[in-house]
Amino acid sequence: MTKFNYNMIAIGAGSGGLVSTFIASAVKAKVALIEKHKMGGDCLNTGCVPSKALISSAKAVQMLKKHTLYGLKNVSYEVDFSLTMERVQDIIAKVEPHDSVARYFSLGVECHIGKAMIRSPHEVEVNGQVLTTKNIVVATGARPFVPPIPGLEDVQFSHSGNIWDLRKQPKHLAVIGGGPIGLELAQAFRRLGSEVTIINLDPGILPREDLDMVQFIRESFENDGIKLLDETTIESIEKRGDSSRIHYSREDEKQFLDVDHILVAVGRIPNSSGFGLENLGVELNKNKTIKVDKFLRSSIPNIYACGDVAGPYQFTHMAGHQAWYATVNALFSPLKKVCDRLFRSSLVYLYGSGTGTGRTE
Ligand SMILES: Cc1cc2nc3c(=O)[nH]c(=O)nc-3n(C[C@H](O)[C@H](O)[C@H](O)COP(=O)(O)OP(=O)(O)OC[C@H]3O[C@@H](n4cnc5c(N)ncnc54)[C@H](O)[C@@H]3O)c2cc1C
């Protein structure tokens, strides 16, 4: 194929795909963005924005609880959980225009809402139309992993993708998982008034963080009244009317816990299959992220990947950072190639200054 509809197509309109196409449009490339669900992806709709909005309500409650420290007297307040969750949606709505089809269209990006299927290294199908492209940037993100716990599917549970739909406050929330997403939501729900128990398989929480920080967080959680059951294996979950009984074993003893809601937060798996990569033989890592080289190129040279689907760090700023490198490499290779790995530590520089350069090869 010598002529293509586009210089680049990005699949997924989360942080990775948005930054990719923004950069491509800035250098006047012919670029398309395909999104099957909501513009803005995880960060806007189910990740950073809603979680930080909820945390800010929880923080307000915490400050009100400690109002005497601020020189305030006779403060009274009541948490309206439903209103708090509606506020989260209002904040998403305020940010939405920034990531919208209208904005990207005005930047020169052709947006398609529909599921992308990669038919060949140069052909992507969406809504029955085959678009041809010189390069593809895969930015399809990740989704919550739901572990195969017997009985889980029969009870009321949420994960980070749908907890935002809750309007009735759980009286007692069990959070399964001791990573950052589970913990930040555990703290927020506790501060908003739910009883919260964290159940974690591992001996500690936040395995990637510094031990002194972990200790500080543990103490803060204890002060808030959050219970932590670590080194705990959930055997099964049993539906009992409107509540769930979690059967678990801890310190060689079988015990149970009754809760009225469960949040599953045991990690997020990359969206790397079901849209054509496997038919092309694109190589994956053991954890299902797309195997990329230091130029963020997959095993097929004109297919790049960035963000949660590439890993190794599942953060918005990481997705944006990688998107910059993937896009520059896709559009300017072989004239110029920038290496992502040498510059991971330069995020502050890159984002602080609004510009960034990588080593060229
Ligand atoms: C509760 C929570 C809190 C978080 N808080 C933070 C935080 O404070 N700071 C931080 O840095 N990160 C945070 N994150 C992580 C952050 O949200 C992700 O790392 C980031 O959004 C990843 O961006 P992405 O572009 O790789 O993927 P996503 O944002 O997931 O975007 C991928 C998009 O691809 C679309 N897609 C998938 N397959 C196809 C297909 N075949 N065709 C078309 N479209 C497709 C999906 O619908 C999705 O919109 C949080 C995550 C969660 C869950």
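User: Which residue takes a positive phi in the hairpin of strand 12 and strand 13?

Analyst: Glycine 241 does, with a phi near 60°, in a hairpin that has two residues between the strands. Strands are DSSP runs of E with at least two residues, helices are runs of H or I with at least four, and both are numbered from the N terminus. This is a predicted model, in which local features need pLDDT of at least 70 and side-chain atom pairs count only at pLDDT 80 or more, while totals for chains, interfaces and linings use all residues. Residues are numbered from 1 along each chain as its sequence is written, and side-chain values use heavy atoms, with hydrogens and water left out.

User: What makes strand 12 and strand 13 a pair?

Analyst: Two strands pair if DSSP finds at least two bridges between them. Strand 12 and strand 13 have eight, in the antiparallel sense, so they count as a pair. Within this pairing, arginine 240 stands opposite serine 243 of strand 13.

User: How many bridges join strand 13 to strand 14?

Analyst: Seven bridges join them, and the two strands run antiparallel. Serine 244 stands opposite valine 259 in strand 14.

User: Why are strand 12 and strand 14 said to stand at the edges?

Analyst: The three strands form an open, antiparallel sheet in the order 12-13-14. Strand 12 (232-240) and strand 14 (253-259) each have a single partner strand, so one side of each lacks a neighbour in the sheet. From one strand to the next the twist averages 25°.

User: Which strands pair with strand 15 in the parallel sense?

Analyst: Strand 8 (residues 157-159) is joined to strand 15 by three bridges and runs parallel to it; phenylalanine 157 stands opposite isoleucine 262. Strand 9 (residues 172-176) pairs with strand 15 over four bridges, also parallel, and isoleucine 176 stands opposite valine 264. From strand 15, His261 and Leu263 point one way and Ile262 and Val264 the other, and all are buried.

User: Why is glycine 276 called buried?

Analyst: Buried means under 20% relative accessible area, exposed over 50%, and partly exposed in between, with a 1.4 Å probe and protein chains only. Glycine 276 has 2%, so it is buried. Its place is in the loop between strand 16 (268-270) and helix 8 (277-280).

User: What makes the link between the side chains of serine 15 and threonine 316 a polar contact?

Analyst: A polar contact is a pair of N or O atoms within 3.5 Å; within protein, one must be able to donate a hydrogen and the other to accept it, and residues adjacent in sequence count only if both atoms are side-chain atoms. The side chains of serine 15 and threonine 316 are joined at 3.5 Å, and this counts as a polar contact.

User: Where do oxygen atoms of the ligand lie 2.9 Å and 3.2 Å from protein atoms?

Analyst: The distance of 2.9 Å is to a polar backbone atom of threonine 316. The distance of 3.2 Å is to an N or O atom in the side chain of histidine 317. Taken alone the ligand exposes 1000 Å², and the protein buries 92% of that.

User: How many residues surround the ligand?

Analyst: There are 38, and the closest are Gly16, Glu35, Asp42, Lys52 and Asp308. The shell divides into 12 nonpolar, 17 polar and nine charged residues.

Methods
A residue is near a molecule or strand if one of its heavy atoms lies within 4 Å of it. Accessible areas come from the Shrake-Rupley method with a 1.4 Å probe; for residues, only the protein chains shown count as cover. Ala, Val, Leu, Ile, Met, Phe, Trp, Tyr, Cys and Pro count as nonpolar, Asp, Glu, Lys and Arg as charged, and the others, Gly among them, as polar. Axes are lines fitted to C-alpha atoms, for helices over the stretch in contact, and angles run from 0 to 180 degrees between N-to-C directions.
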